[in-house]
Structures are given as C-alpha cells and as structure tokens.
Amino acid sequence: MQSQSRRRPMTTPKAKLGTKWMDVHEIRAARSKAQTNREAQKRLFSDLKQRLEKRQSEVERSLSGLNSGSQNLVADAVAGYRRELNAESSSIRLAYVQTAGKLRDDVQSTANHYQSSPQMLARYTLGSEKRSRYIEQIAHSGPAELAAFAELAASTKNKDLAAALCSKVYQLEPTKRPFDAAELANVIVGDELKEIQSAFSEIERLALEAVYDDTAFETGKRNPGRDLHVAVMKQEEDNAAARGNVDV
C-alpha cells in the first residue's frame, strides 16, 4: 500500500474589512489629545490628594492629645473624606478614563493599516500617475538597472519610483531580487511609520495609566503589578526611541 503525502494548501491572506481608517495627521492629533487628557487627569488627582492630605493633617492635629487609638479615628476620618471626594469627582474622573479608552480603541482599530513600510509606501502612491509611468518604464529592466534605480529612489526619497520598484521586485523570485523592498520602503517612510507605531504604544499606555490611577485613588491603594506593567511599557517605548528603528 503506497503512502501518499499530503501538502497543506497555501493560505491566502484575508483582508480585514472592518478596520477603522485614520490618517497620519489624525493619529498625531489623537496622541496629542491623549497626552493632554492624561495631564489634566494627573492635575485633578494632584488636587484631590492635596485636599485629602490637608484633611488628614487637620484631623491628626485635632486628635493629637488622645491616646494611640486615635490613629484608627484618623484612618476612619480620612477614609470617609476619600469617599466624599470620590463621589464629588466621579463624573469628571469617568470622563478622563472614557476619553483615554476611546482614543485607544480608535487607534487600535486603525493599527492594521500601519503594519509595515511597504504597505504605507504603496498606499501613499496609490493612483499616482508617476508611479504608473515608472512601472511602465522599468517593466523590462534587468537586476543591475533595478538596483541602480533603487539607490536613486532612496537617495532622492522618491516615493513614486520606490513604490514602482517595490511592485516590480515582488514579481521576481526572492533569490533574483537585486534589493530588499522592505529596506527601500523603510528608507522612504520608515521614520513616519516608527512615529505612528510609537503613538499607538503611548496611547495604549496612557489609557492604562488613566484606569490604574483612577482605581488607585478610589480605593486608596496602589497595585504594584499594574504599576510594573506601565513601567515596562514606558521602558519599551524609550528603548524603541533610543534604537531609532522599527520592524518592517
């Protein structure tokens, strides 16, 4: 009985048609809004904490002549005042958290449009007459000529030529490609892609910080695990900025 090997059919990439669209300017605006929202939230918490500390000092002074059991009275008084502040500030605190979450959800939905430099480059030149003419002109170019054109496109930051060359080189077998399309695209739009992906990361972190800090104030307790989480995210953002590159 002969055994027959079965090959798994190659899967065709599926388009994600339910994603949101935001252009670069909108993402930058979302990042700015997230930063502004977070700073306003931090100012609110600073004010609330100052009021709480002031009340604690007042209660401690008023009970300073009592025995050691007065500490429980101080704790109870502070806890009661915290509940008052929570109720008083609940609407504005919720607004800050909701704004941060909405911005995070918006950019997460559009993140699929900013996965790689070749993707961005192709989109920027979609429908371009220059790109179409370049494609016609390089249709029969050999490897050496394509490599020279790639060097020219990289040096001049010519998006239309670079997109045409990427389209052409993707039609060749990988071993016969005279340049790496992702590398060329990264030269042209890599810095912008890095900026946008950095914005995604920052907006996500700011949304988590908004929730974590709100919960900490409401309960009067910090969560070390959550604090470590955002600290790691911030460190990863700093490391990516220091490296000055982005995966494509």
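A: Helices here are DSSP runs of H or I with at least four residues (strands are runs of E with at least two), numbered from the N terminus. This is a predicted model, in which local features need pLDDT of at least 70, side-chain atom pairs count only at pLDDT 80 or more, and totals for chains, interfaces and linings use all residues. Residues are numbered from 1 along each chain as its sequence is written, and side-chain values use heavy atoms, leaving out hydrogens and water.

Leaving aside residues up to four places away in sequence, Glu204 touches Arg104, Gln108 and Met233; contact means heavy atoms within 4.5 Å. Met233 lies 29 residues from Glu204 along the chain, with 9.2 Å between their C-alpha atoms.

Now for the helices packed against α7. Two packed helices are described by the angle between their axes and the distance between the axes. The axes are lines fitted to C-alpha atoms, for helices over the stretch in contact, and angles run from 0 to 180 degrees between N-to-C directions.

Helix α5 (residues 143–156) crosses α7 at roughly 15°, and their axes come within 9 Å. That angle makes α5 roughly parallel to α7, because angles under 35 degrees count as roughly parallel, over 145 as roughly antiparallel, 65 to 115 as roughly perpendicular and the rest as oblique. Ala150, Ala153 and Ala154 of α5 meet Leu184, Val187 and Ile188 of α7. The residues of this contact are 6 nonpolar, no polar and no charged. For these classes, Ala, Val, Leu, Ile, Met, Phe, Trp, Tyr, Cys and Pro are nonpolar, Asp, Glu, Lys and Arg are charged, and the others, Gly among them, are polar.

Helix α6 (residues 159–169) packs on α7 at about 165°, with the axes 10 Å apart, so α6 is roughly antiparallel to α7.

On a 1 Å grid over the protein atoms alone, a cavity is a set of points where a 1.4 Å probe fits but cannot get out, a pocket is an open set with protein on both sides within 12 Å along at least five of seven lines, and lining residues have an atom within 4 Å of a point. Grid points are joined across faces, edges and corners, and a volume is the space filled by probe spheres set on the points.

The largest cavity holds about 40 Å³. Helices α1 (24–62), α2 (70–110) and α7 (181–219) each give its lining at least two residues, and α7 supplies the largest share, 4 residues. Among the lining residues are Ile203, Leu206, Ala207 and Ala210. The lining is made of 7 nonpolar, 1 polar and 1 charged residues.

The second largest pocket has a volume of about 300 Å³. Of its 16 lining residues, Leu52, Arg82, Ala216, Phe217 and Gly220 are the closest to its centre. Here too, α1, α2 and α7 are the elements that give two or more residues. By class, this lining has 6 nonpolar, 3 polar and 7 charged residues.
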